[in-house]
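This report is meant for a reader who is meeting the structure for the first time. It goes through the sheets, a helix, the aromatic pairs and a single residue in turn.

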Amino acid sequence: MTESDAVDEEQRHLGRLLDRLEELRSDTRARLDAVLRGTGGTPQARSERESFARLYSSELAAYSAANLGLYFGRLDMADGEVRRIGRVGLRDDDEDLTPLLLDWRADHSRPFYLATTARPEGAHRRRHLRTIGRRVIGVHDEFLTAPADGEIPEDHDDVVGESALLEALDSARSAHMTDIVATIQREQDEIIRNPHAGVLVVQGGPGTGKTAVALHRAAYLLYTHRRRLDRSGVLIVGPNARFLDYIARVLPSLGESGVVLRTLADLYPGVRATGHETLRGEEVKGSADMVDILKAAVRARQFAPASDVVVRCEGHDLVLTPAVVRAARGRARMTRRPHNQARSTFQEKIVDALTEQYVAALTDPVGQAEDAAWSPAGGGVGDLGDPARPLLDADDRAALRTEVERAPEVLSAIDEWWPTLRPERLLADLLSSRERISEAAGDYVAEDQDALFREDGDAFSEADVPLLDELAELLGEDPAAEGSDADRAWAEQVRQAEEALEILTGSAVQDIEDDLDPEVLMAYDVVDAEALARRHSADSDLTVADRAGADRTWAFGHVIVDEAQELSVMAWRALMRRSPNRWMTLVGDVAQTSSPAGIDSWHDALSPYVDDRWLLCELTVNYRTPETVSAVAARLLAQIDPRATAPRPVRAGHRPVAWLETEARSLGRVVAEEVSLVPQDRAVAVLLPDGPEEQHAREIAELRQAVAETRPDTSVLPLALAKGLEFDVVVVVDPERVLGRSPQGLQDLYVGATRATQELVLVQPGRFGPLLSVIRETVTDGPEELTA
C-alpha cells in the first residue's frame, strides 16, 4: 500500500469519526437545551436538572475540544486487531456499540506510546497521522516487527523513525503551549500513568517535557479517577501568571477544564500579591524561622496591663489586676486553639473575675446589715430572710454576668488585651513597623529584621502569601464575625433546608403517636438541615473548581506543582495544607533553583511531610533545545552541580549559539537587529536580568523601544518570568549581569539559555567574563577543561 492509499483509507475513517462526533455533539446540545428549558418542580427535580446541565456542558466542551486533531494514531496489532487512537473515545451507534476511536488514556491505547522494536507490546505497526481540519495530509508508519514478506513497504523511511516527533519539535512556537498527546514518549507515558498514590516527583532538565507530562498526567488522572476528583478537584500551581496563561489551553484541548490554576501569588483567596521583594527578603520570609516569628507576632497582640485597670459596670467600679489578666491569658493559651477561637476563653475568665467582684459589690453591704440585725446589739431580730439562704440565686448571678459581658468598658478592655485579628491586617502592621518586627524577631540579626521591613505594609509580595496562610492557621476564623458573602450564603442555604424539612415533616401523616410506631422515619431522621444544604450546594451553579478556588481550607484530591524547586519552606507548608492526602505530582529541576529560598534537594523539602514515602521519576531526553544550545547549557550545569547529568538532546540544531559583544550605547540597536532576522512565523523573546532596572534605565528603555519598533510582538521580559516558557529564538541580554546579580546567577542564566527551541543569542555590553569566554571557546573549538 502506498502512502497515498493509506491517506485515502484514513481520510475515510476520519470522516466517519467527525460525523459521529457531530452526532454526539448535536444530541448532547439538544439534551442540554431541554434541561435548561426546564423550570419549577420539586427541589430534587431542580437538583437533578443542575447536575445534568453540568454533565452535558462538560461533555459538549470535550466534544468541541476534540474536533481539532481528533484522530492522530493507529496500531495494527500482531493478531490483526486495528486500534485507532484519538483525543476522546467514540463508539458507533450500532447494536454492538463498535469502538471507532480509543481515548488516548485508555489501557488499550498504551502500546501506541510504549511500543519499540525491542518491546513491541503486541503491536506490529504504529501509524502517526498528520491532519489539518477535516483532512488527512500524511501518514508515517513505524514497523515494530518485520512484515511477513520481509520487505519494507514503499514510501517508508525507517523501521523506528521519529519523524512525527521531530516534525512537532521543529514546528514554530506560539504564545500558548500545545498538547503532546500524539507524540508522548515512553519515559513520559510511564510517568503520566504512574499509579503511585502519594507524592510523585518528576525531575528533569530543561526541555524534557516536565510541564507537558504534568498536564497530561492531570488529564489521565481525571479520566481514571473521575468520580473521586470531580468531588475534590485538582489544583495546578505554576510559577507566574504568564506561565499559567501559556499552559491554559492544554487541558481544555484534552477535554478537561475542571481544574484550579493558581500561582503562589494568588493562592490565598482575596489577595493578589504584586509587590516587589528583595532577595534577602525572599530568603528570610521563606525560612522555617518565620513560623516562630509569626507566632511571636500573634502573642505580642495578647496583652496584659502593667497596673490595675478600673472598668465601670452599671455604676460600679470593678478592678482588673495585671495578675488576673495574665491568668486569663495563660488559660486561653493553654487551650492550644487559634488566637481568635481562644479569645472566648480569655473573655470568659475576665468576665468570671469581674462578675465575682460585681456580686460582692452588691451583696457585701446587705450582708453587713444582716449581720448587724442578728447581732445582740441589734436585738437579734434580723428581717432580711433566712441567713442560710443565699441573697442571689443562679438566675440572679446569670443576669449580673450578662450585664458585665455587655458593659462597654469591659468589651473595650477585652478588645484591647485580646483583639480579634485578621491575617492581612496583622501581617501589614508587622512588616510596616520596625518596633513590631523587633518585638517578634528580636533574636534575629539586624539584616534579617531590615529585610522584613517595608514602608507600605499592604504591598504584599509573593513571599508574603505563605505568611498570610500561616497566620490564617494561627489566628483561625472569628466566631463572632458575620462572615463573608460565602458564609452568609451558606447560612441562608441552611435556613432554606430547615424550612424544607419542616414542610416535609408537616406533610407526613399526623396521627402517628410518638410512642406508637417508633420505626416510622421522618425527614429529620434521614437528613439534617446542614446535610441537605450541603447536597444542594454540591448541585449549585458553582463548580467544584469555583468553590475550591475560593476556599482556603479546601482539601484537593490531587495537587500538581510546576517549578516546585522554587518553593520555600513556608510555601511548602501552605501547599501541604491543601493536600492532606499527600497525593501530589511535583515537577522541577533542582539545578534550575533561582530563588534564594528554594530547595537544594527533594528529600529535604519532602521528608517533614511524607518521610521517605515519595517516588522520584526522572526525564532524561531533551526535546526542546538542539545540540548547539544544549552544549552551552551543559557547561553551565557543570558549574552549578558537577555531579548532574545533562539531558540528551534529540536534535542537532541549525545555527550555532551567537556570542555578541557590543558597547552599552549600541545595545538596543544590536538586539533589534537580531530580532529582525527571525522569521515572522517564529516566536522570539528578549530576556533581561532580573531586579530593578534603575542603574541601567536608559539602556533598557532604548532597548525596549528599539525592539518594539522592529517587531512589536517580541516578548521582552525578565528572566524570572521566562520559567517554564519556550520560544524559537531567545536573546539573553547582559549575561554577565545575570551571573553577578545573586548567588543563583548561574541558575538564572541556565534557565534563560534553555528557553530556546531553535537559536540562542547572547548579547554582552562590553566583554564576556572568564567563565563565559571559556564556554564560548569550548563549544566553538571543541572540548576543553572548564574553569570558573
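In this predicted model, strand β2 (residues 82-86) and strand β4 (residues 99-103) pair in the parallel sense, and two bridges hold the pairing. Within this pairing, I85 stands opposite L102 in β4. Helix α1 (residues 3-37) packs on the sheet to which these strands belong, where it touches β1 (71-77), β2, β3, β4, β5 and β6, and its direction makes about 120° with that of β6.

Strands of a sheet pair through backbone hydrogen bonds, in either the parallel or the antiparallel sense. The sheet in question is open and has six strands, which follow one another in the order β3-β4-β2-β1-β5-β6, and its pairing is mixed. The edges are taken by β3 (90-91) and β6, and because each of these has a single partner strand, one side of each is left without a neighbour in the sheet.

An antiparallel part of this pairing is found between strand β5 (residues 123-132) and β6, over eight bridges. One of the paired positions is T131, whose bridge partner in β6 is V136. The two strands form a hairpin with two residues between them, and in that hairpin G133 takes a positive phi near 60°.

Strand β12 (residues 558-561) runs parallel to β13 and is joined to β13 by three bridges, and in β13 the bridge partner of I560 is T585.

**Helix α25 and its two sides**

In helix α25 (residues 602-610), the residues W602, A605, L606 and V610 are buried. These four cover an arc of only 90° around the axis, which puts them on the same side of α25. On the other side of α25, D604 and P608 are exposed. What do the buried residues of α25 pack against? Their partners are β7 (199-204), α24 (569-577), β13 (584-588) and β14 (614-619). The helix is followed by D611, whose phi is positive, near 55°.

**Aromatic rings**

A pair of aromatic rings is described by the distance of the centres and the angle of the planes.

| Pair | Distance of centres | Angle of planes | Kind |
|---|---|---|---|
| F112 and Y113 | 5.2 Å | 85° | edge-to-face |
| F346 and W418 | 5.3 Å | 25° | stacked |

Together with F72, the residues F112 and Y113 form one aromatic cluster. A ring can also be faced by a charged residue, as where R434 lies over the face of F453, at 3.9 Å from the ring centre.

**The surroundings of A66**

A66 is found in helix α2 (residues 43-66), and with a relative accessible area of 1% this residue is buried. Leaving aside its neighbours within four places in sequence, A66 is in contact with L21, R87 and V88. Along the chain A66 and G255 are 189 residues apart, yet their C-alpha atoms are separated by 6.7 Å.

How values were computed. Residues numbered from 1 in each chain as written. Predicted model: local features only at pLDDT ≥ 70, side-chain atom pairs only at ≥ 80, totals over all residues. Heavy atoms only, no water. Pairing = 2+ DSSP bridges. Buried < 20%, exposed > 50% of the residue type's maximum accessible area, 1.4 Å probe, protein only. Arc of directions from axis to C-beta. Contact = heavy atoms within 4.5 Å. Axes fitted to C-alpha atoms, helices over the stretch in contact; angles between N-to-C directions. Phe/Tyr/Trp six-rings, centres within 6.5 Å; stacked < 30°, edge-to-face > 60°. Lys NZ or Arg CZ within 6 Å of the ring centre and 35° of its normal.
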